[in-house]
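Subject: Structure for your files

Hello,

Here is the structure I said I would pass on.

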Amino acid sequence: MNAEITGWGKCMPPNVLTNSDLEQIVDTSDDWITTRTGIKERRISHVEASDLAAVAGQRALAAAGKSVDDVDLLLVATCSGDTIIPSTASRVQDKMGLTNAAAMDLNAACSGFVYGLVTGANMIRGGTNKTVLLIGTEKLHYLMNTTDRTTCVLFGDGAGAVVLEPSEEGIGLLGSDLGMDGSAGKYLHVPADGTQGEIGRRAPEQCGIAMDGQEVFRRAVTMMAESSLLAIQKSGLDLEDVDILIPHQANVRIIDATARRLGVDSARVFVNIQSYGNTSAATIPVALTEALEQGQIEPGSIVAFTAFGGGLSWGSAIVRWGERVTPIATSDAELPPADKTTMEILQSNLDFFGEKSA
């Protein structure tokens, strides 16, 4: 028994934050951001991460031809969920009406979707579950330190989802590699995001995403390339067998450097970071959905996923696609209309972290 992806969907909030907008917030420029990251704009959510997840999940179920009653396990990969207690997954379960599904959060930061894919596939392989809904969802703008130009230009909000079902041998997840170096967690973290420290004694600089960009870049390129090769080897395939590489969309320079290290031609690498920025656990399922919409995945394609994120975590997975590359149906699920402009949504960040830095 194996597990294949039978449904897919995304939900991107309507509010757009452009590089020009960021020039009004922090000391930066469109040229600086584009050259160093490849990002032109990102989405800012007016709703919670669970709302984004519920819409993406409904769209993925429709694409798979499944109803909410079919789902027996919900996995929500997130590092910026609504609350710690209850889990974001419990909120998504309620909003979607997944009454037959067990539900849990999974936090491996930007590697969360790959971790979730391996977890969900192995639950199916083990016979515990038959229909797994895996969602990556993030509301990262909540953690955007508007005085730190090295991080606030990178992140955005969004959600992507897939449905996993049992499949015949040879279709679905073929091999994977997961890893973590907890000793390096300090290079990408949110210092006060949890119970660490004294309650009520948290300064603004402790509440936003903090990152050592050079160290993260070096480790990301090395580990995504090495992890991809290990997953390919475990799949019994060669690098040349991979039809499309869908990497975590963190930084276009990281993506390009990883592809060069692997020796993969850019034509086989899917990139959409220019439109959404880094949406952490959501980047890969959103990119997968768009790759399918653009006809870049065909029946039987070998698809490689690879990611790197906070922890420091990494993960890769190799999937042989099934016969269907178009949705069985579509969902009419939509977010409520935005009642604020992008800058109005970000005003609380500006009030908390500070106005434009010198």
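The model is predicted, so please read everything here as computed from it.

The sheet

Four strands make up an open sheet, in the order E8-E13-E12-E11, with mixed pairing. The edges are held by E8 (172–180) and E11 (244–247); each has a single partner strand, so one side of each is left without a neighbour in the sheet. From one strand to the next the twist averages 10 degrees.

Two helices pack on this sheet. Helix H5 (residues 112–125) touches E8, E12 and E13 (313–320), and its direction makes about 130 degrees with that of E8. Helix H6 (residues 213–234) also touches E8, E12 and E13, with its direction at about 35 degrees to that of E13.

Strand E12 and its partners

E12 spans residues 302–309 and runs parallel to E11, to which it is joined by four bridges. Within that pairing, isoleucine 244 stands opposite valine 303, and isoleucine 246 has phenylalanine 305 as its bridge partner.

With E13 the arrangement is antiparallel, through eight bridges.

As for burial, eight of the eight residues of E12 are buried. In a regular strand, side chains alternate between the two faces of the sheet. In E12 both faces are covered: Ile302, Ala304, Thr306 and Phe308 are buried on one side, and Val303, Phe305, Ala307 and Gly309 on the other.

The helix pair

Helix H3 (residues 49–64) packs against helix H4 (residues 88–96) at an angle of about 55 degrees, and their axes are 9 Å apart. That angle makes H3 oblique to H4. The crossing of H3 and H4 is right-handed.

On the H3 side, the contact is made by Ser50, Asp51, Ala53, Ala54, Gly57, Gln58 and Leu61; H4 contributes Thr88, Arg91, Val92, Lys95 and Met96. Sorted by class, the contact of H3 with H4 has five nonpolar, four polar and three charged residues.

Regards

Conventions
Residues are numbered from 1 along each chain as its sequence is written. This is a predicted model: local features need pLDDT of at least 70, side-chain atom pairs count only at pLDDT 80 or more; totals for chains, interfaces and linings use all residues. Side-chain values use heavy atoms; hydrogens and water are left out. Two strands pair if DSSP finds at least two bridges between them. Axes are lines fitted to C-alpha atoms, for helices over the stretch in contact, and angles run from 0 to 180 degrees between N-to-C directions. Contact means heavy atoms within 4.5 Å. Angles under 35 degrees count as roughly parallel, over 145 as roughly antiparallel, 65 to 115 as roughly perpendicular and the rest as oblique. A crossing is left-handed if the near helix is turned anticlockwise from the far one by less than a right angle, and right-handed if clockwise. Ala, Val, Leu, Ile, Met, Phe, Trp, Tyr, Cys and Pro count as nonpolar, Asp, Glu, Lys and Arg as charged, and the others, Gly among them, as polar. Buried means under 20% relative accessible area, exposed over 50%, partly exposed in between (1.4 Å probe, protein chains only).
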